[in-house]
Amino acid sequence: MATLPTTTNEITAEWMTEALRGSGTIDADVSVTEVLTDAANVGVGFMGEVATVGVHYDGDAGDAPTRLIAKFATQSPEIKTMMHPTRVYEREHRFYAELASKTPVRTPDVYHVTCETADEPLAEQYLLLLEDLSGLVLGDQVAGVSPEQAESALVGLARHHAAFWDGKGLENAPFAPPINGLLNRAGQGIYEASLPGFKQVFADALLPEMVPVADAYTANHPLLLDRLAAMPNTLVHFDYRADNLFFEPDADGSQGSVVVIDWQAISVGGGAADVGYFIGQNLSTSDRRSHEDALLHRYHDTLTENGVTGYDYATFFEDYRLGLVYGWVIPVFAVGSLDASSERAVALWTNVIERIQDAIFQHNAQEFIS
């Protein structure tokens, strides 16, 4: 095969032809004649590069995409080495290759996966070609999702959790680590290192009563993971937030179903981790307080409708409370990569901090931190 591109401007028509033929996206008698990229549609971040790519064909390409998303792992040796133990790239790439077809929640169509792991970080190779979802409605974590969007997101999440309940379908998925395994336990050190800077940057948003909870969280991080692991196990997304969700309106213009992206953090553990994270941080405080009970029951009812038994609502609600307080780790982690010059980034995390504190104290979830 043609040399694997490591950045958008290295994608050639020859490579794209081989990639799309290999996945069955185009037939052997169809060729890519031109690959179009726009620098304005290339996003370069800490974890890698994501770009919108246009494709022209020679021959009858049928329903093959004329626009797609190319997602590359970082080419920074330092970052690639640092991220190697977390296996985040392998988790996402193998999810799309092996598990995406097993979940009832919609994920982007997959046109190509390169997933070549190695003991040496710089020898690993990763690349995804995915469906362009720009025609759908992207969630907005700064503003918060609407109650209708939240319901769609939780129905999709419950169906996904039910499909993998008690580890079903994960028997041959060692790339999805246990939620309390070494990969996630490493977060304790990251939290401890991030906390002083977090307290300084977000001092105005931090409630006085949250300070001792935040301080005690460090020692409790592995204990919370153990409790999440003791719940009925499923495939946890572990970054189920508005900015990773698209909404596909129904024909009548109603909210419709959710489409979920960014599967880098998948783990095996209690699905309440996803629910607590999503509800606690992705709705405005007023919307959460007004709609939380109905949304929680909608999620739990959907689990039951999809075959989950032996998990009553009272148990789920206690697990949800734990999921709320575990989610506190996320904004503290985020300060390490915060772009303080970005008004959106600062507004995002300020809103998240205010929302999650309100949810934690309303439900006395701080009692899980000793």
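Guide: Rings of Phe, Tyr and Trp (its six-membered ring) pair if their centres lie within 6.5 Å; planes under 30 degrees apart are stacked, over 60 edge-to-face, and the rest tilted. By this rule there are 14 aromatic pairs. This is a predicted model, in which local features need pLDDT of at least 70 and side-chain atom pairs pLDDT 80 or more, whereas totals for chains, interfaces and linings use all residues. Residues are numbered from 1 along each chain as its sequence is written, and side-chain values use heavy atoms, without hydrogens and water.

Visitor: Why is the pair of Phe 198 and Phe 202 called tilted?

Guide: The ring centres of Phe 198 and Phe 202 are 5.6 Å apart and the planes stand at 45°, so the pair is tilted. Both residues are buried, a term for under 20% relative accessible area, with exposed over 50% and partly exposed in between (1.4 Å probe, protein chains only).

Visitor: What makes Phe 317 partly exposed, and how do you know that Tyr 320 is buried?

Guide: Phe 317 has a relative accessible area of 22%, and therefore counts as partly exposed. Tyr 320 has 0%, so Tyr 320 is buried. These two rings also form a tilted pair, with 5.9 Å centre to centre and 40° between the planes.

Visitor: Which residues touch the most other members of the largest nonpolar core?

Guide: They are Phe 198, Val 275, Phe 278 and Trp 328, in a core of 91 residues. Such a core is a set of buried Ala, Val, Leu, Ile, Met, Phe, Trp, Tyr and Cys residues joined through side-chain atoms within 4.5 Å.
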